[in-house]
Amino acid sequence: MSDANADPPRERPSEDGDHTSADYAEGSPVWTDSEPLLRVRGLETHYPITRGFLRREVGRVRAVDGIDFEIGRGEVLGLVGESGSGKTTAAHSILRLEEPTAGEVVFDGESVTDLTGADLRSFRRRAQLVVQDPNEAFNPRLTVGEAVAEPLSLHGMSDESRRRAIVADVLERVGLSADDADRYPHEFSGGEKQRISIARALVCNPDLIVADEPTSALDARVQSDVLALLEDIRREHDISILFISHDLDVVRLFCDRVAVMYLGEIVEQGAIDDVLDSPAHPYTRVLMNSVPSLDPTDRTFESPLTDSIPDPSDPPSGCRFHTRCPELIPPPDLTVSGETWRRLAAFRFTVETGELPSAVDPTTGTDVGASAVRAAFDLPAELDDPDLDRHVQSAVDSLASGDVDAATQELATALPTICERAVPERSTHRGRPVSCHRYDDDRDAEPIPWRGEGL
Ligand SMILES: Nc1ncnc2c1ncn2[C@@H]1O[C@H](COP(=O)(O)OP(=O)(O)OP(=O)(O)O)[C@@H](O)[C@H]1O
C-alpha cells in the first residue's frame, strides 16, 4: 500500500490477539482493553410482506431481530448459524447496504445509523464487504485493474498513475502480480478471483472487512489459501473482520470470538475456544453435532427435534429454538424419562410444524393406523402416567384419522414447556452471554453437561 494511503498503526486489543471470557464484563460482551471498533446494539432488520395493489403490509420477515455484539480492533468475530438465520442481513445492515428498522451501529465511536453523503461514503471506504461468490463481484467488461481501482475512483482519487501504483501494490499483497491488472476476471480461477475481491476490499485501506462466506464457493485446498491470506492481512494491517460462515471448523481456525445466530437472534457468544469447547446453548450444540465427529461413538447429544428452520415471519413463541431443541425443558410434574420426553416433544413439534413422515402423512391419502403413528415416532406402547398416556393416545388417534389440528391441540395441552411460554433472559454462563431457560437465575431445569463435562 502506498504511504499516502497508509493510516497510523492502531493499538491492538491485546498482545497476542487471544481473548477469553475474562475480556468481557459479566452478562454482556464488553470490550474492556479499548473501545471496540464496531458496536452493534439492538439491531433489527425486518422486511415488510405486502399484498394487493396498494401493497398493504400484512406481515414482516424478522430477518434480524435485536442483536448485540462488538468487534475489537484487529479482532475476528465469527458469525455462525444455519442458512436463513439472518447472517447476511445482519452484515448488510451493519454496512448500511440494507436499512435497519431499529437499533444502532457505532463504528470507531460514531453512530453510522444516520450517516449521509460524504460521511456515509467515508464509512463505506473504511468498512468493506467480501462476498461468497467472486463471480458475482465483478463486471466482466472491466479489467482486474479497473475493478480493483473502482473504489478509489468512487472515493475521489482522480490521479490515474497513483491509482495504478496502488492497484499493483495491492495485487501483489494478495499473491497476484502487478501485470494481472490488465487481464479480465474470467481469466482467473475461483480462488484467484476471491483474491481479487479481497484486493478490491483492501484498496481503500479499510479498518473492517465483512467477509460473507468468503471460502464456501471454493474447493478445500483453495479455501485454506484464501484463509491464510485473510489471516496475513489481519495480522499485518490490524484489520477487524466479521467472518460469516456455517463451517465451525473454519471458524475455529480463523476467529477470536464467535456469535451464534438463530432465527434473527444471537443465542450465545464468547471467546472461540470457550464456546466451541463447551457450547452452552442447545442450538450451538446441535451445530457442533452436525460437524462429523472423528469418534463415531461420540453421540452424547441428540439431533434437533425437527429439521427445518421456522419461518422468520412467524417465529415460535418464547425461545425461538424450542420447536427443535433436544434439551427442551419438560413440565415440572412430568414423570417419564428424559428420553421419552424427548420423543414426545419430537412427536409434538413434528405434528405442529407439519413435517410428517410420509408413512403417517394424511395428505398422501394412505390409511394410517395408530400403531403406524407410534412406530413412526418411536413412542412407547404405553406411558406410566395414565393421564399423559390418554392425551398421547388421543393425539395418535387424531393423527391416524387425518385430523392434524386436533392432534396438535391435544399435544400442546399435554406437553407444555416454559421454553414456549417465555422469552429467555440473556444469562451469564462462564462469563459469556447465553439466552436459554436452562441458564435462568430462577431456572426450571438444570443445564445439561456438554459431552460429560461438568458445568
Ligand atoms: N429482501 C428480502 N425480503 C424478504 N425476506 C428476506 C430478504 N432477504 C432475506 N430475507 C429472509 O430473511 C431471512 C434471513 O436471510 P439471510 O440471507 O440474512 O440469512 P443467512 O443466515 O445469511 O442465510 P444464507 O446463509 O442462506 O445466506 C431468510 O428467511 C430470508 O428468506
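Entry 1: I take two strands as paired if DSSP finds at least two bridges between them. With that settled, I looked up the hairpin of S9 and S10, which has 2 residues between the strands, and found Leu263 there with a positive phi near 50 degrees. I am reading a predicted model throughout.

**Entry 2: the whole chain.** I began the overview with the secondary structure: the protein has 14 helices and 12 strands. Of the 455 residues, 51% are buried. I then turned to contacts between residues at least 6 apart in sequence, and 67% of these join residues at least 24 apart.

**Entry 3: back to S9 and S10.** How many bridges join S9 to S10? I found 6, and the two strands run antiparallel. Strand S9 takes in residues 257-262, and strand S10 takes in residues 265-271. One pair I noted is Val258, whose bridge partner in S10 is Gly270.

I checked how well each strand is covered. In S9, 6 of its 6 residues are buried, and in S10 the count is 6 of 7. Which residues of S9 sit on each face? Arg257, Ala259 and Met261 are on one side, with Val258, Val260 and Tyr262 on the other, and all are buried.

S9 has another neighbour in my notes. Strand S3 (residues 76-80) is joined to S9 by 4 bridges, and these two run parallel. Here Leu79 has Ala259 as its bridge partner in S9. As a reminder to myself, strands of a sheet pair through backbone hydrogen bonds, either parallel or antiparallel.

**Entry 4: two residues with positive phi.** Leu263 lies in the loop between S9 and S10. Its phi is positive, about 50 degrees, although Leu263 is not a glycine. Is Leu263 buried or exposed? Leu263 counts as buried because its relative accessibility is 1%, and the cut-off for buried is under 20%.

I also looked up Asp238, which has a positive phi of about 60 degrees although it is not a glycine. Asp238 belongs to the loop between helix H6 (220-237) and strand S8 (240-245). With a relative accessibility of 9%, Asp238 counts as buried too.

**Entry 5: the open sheet.** Next I traced a sheet of 4 strands. The sheet is open, its order is S2-S1-S4-S5, and its pairing is antiparallel. Strand S2 (56-71) and strand S5 (110-111) are the edge strands, each pairing on one side only. Further in, strand S1 (residues 38-51) and strand S4 (residues 102-107) are joined by 5 bridges and run antiparallel. Val40 has Val105 as its bridge partner in S4.

What lies across S1, S2 and S4? I found helix H1 (residues 87-94) there, running at about 115 degrees to S1.

**Entry 6: Ile49.** Leaving out residues up to four places away in sequence, Ile49 touches Arg56, Glu57, Val58, Gly59, Arg60, Val61 and Ser313. I looked up one of these pairs by distance: Ile49 and Arg60 are 11 residues apart in sequence and 5.3 Å apart in space, C-alpha to C-alpha.

**Entry 7: the largest pocket.** I got a volume of about 560 Å³ for the largest pocket. Which residues lie nearest its centre? Of the 20 lining residues, they are Arg124, Gln128, Leu129, Pro151 and Arg200. Helix H2 (117-126), strand S6 (127-130), helix H3 (144-154) and helix H5 (190-202) each supply at least two residues of the lining. By class I noted 12 nonpolar, 3 polar and 5 charged residues in the pocket lining.

**Entry 8: the cavity.** About 80 Å³ of space lies in the largest cavity. Its lining includes His281, Pro282, Cys319, His322, Cys325, Cys419, Cys436 and His437. Glu327 and Arg438 are also among the lining residues. By class, the cavity lining has 7 nonpolar, 3 polar and 2 charged residues.

How values were computed
Residues are numbered from 1 along each chain as its sequence is written. This is a predicted model: local features need pLDDT of at least 70, side-chain atom pairs count only at pLDDT 80 or more; totals for chains, interfaces and linings use all residues. Side-chain values use heavy atoms; hydrogens and water are left out. On a 1 Å grid over the protein atoms alone, a cavity is a set of points where a 1.4 Å probe fits but cannot get out, and a pocket is an open set with protein on both sides within 12 Å along at least five of seven lines; lining residues have an atom within 4 Å of a point. Grid points are joined across faces, edges and corners, and a volume is the space filled by probe spheres set on the points. Ala, Val, Leu, Ile, Met, Phe, Trp, Tyr, Cys and Pro count as nonpolar, Asp, Glu, Lys and Arg as charged, and the others, Gly among them, as polar. Contact means heavy atoms within 4.5 Å. Axes are lines fitted to C-alpha atoms, for helices over the stretch in contact, and angles run from 0 to 180 degrees between N-to-C directions. Buried means under 20% relative accessible area, exposed over 50%, partly exposed in between (1.4 Å probe, protein chains only).
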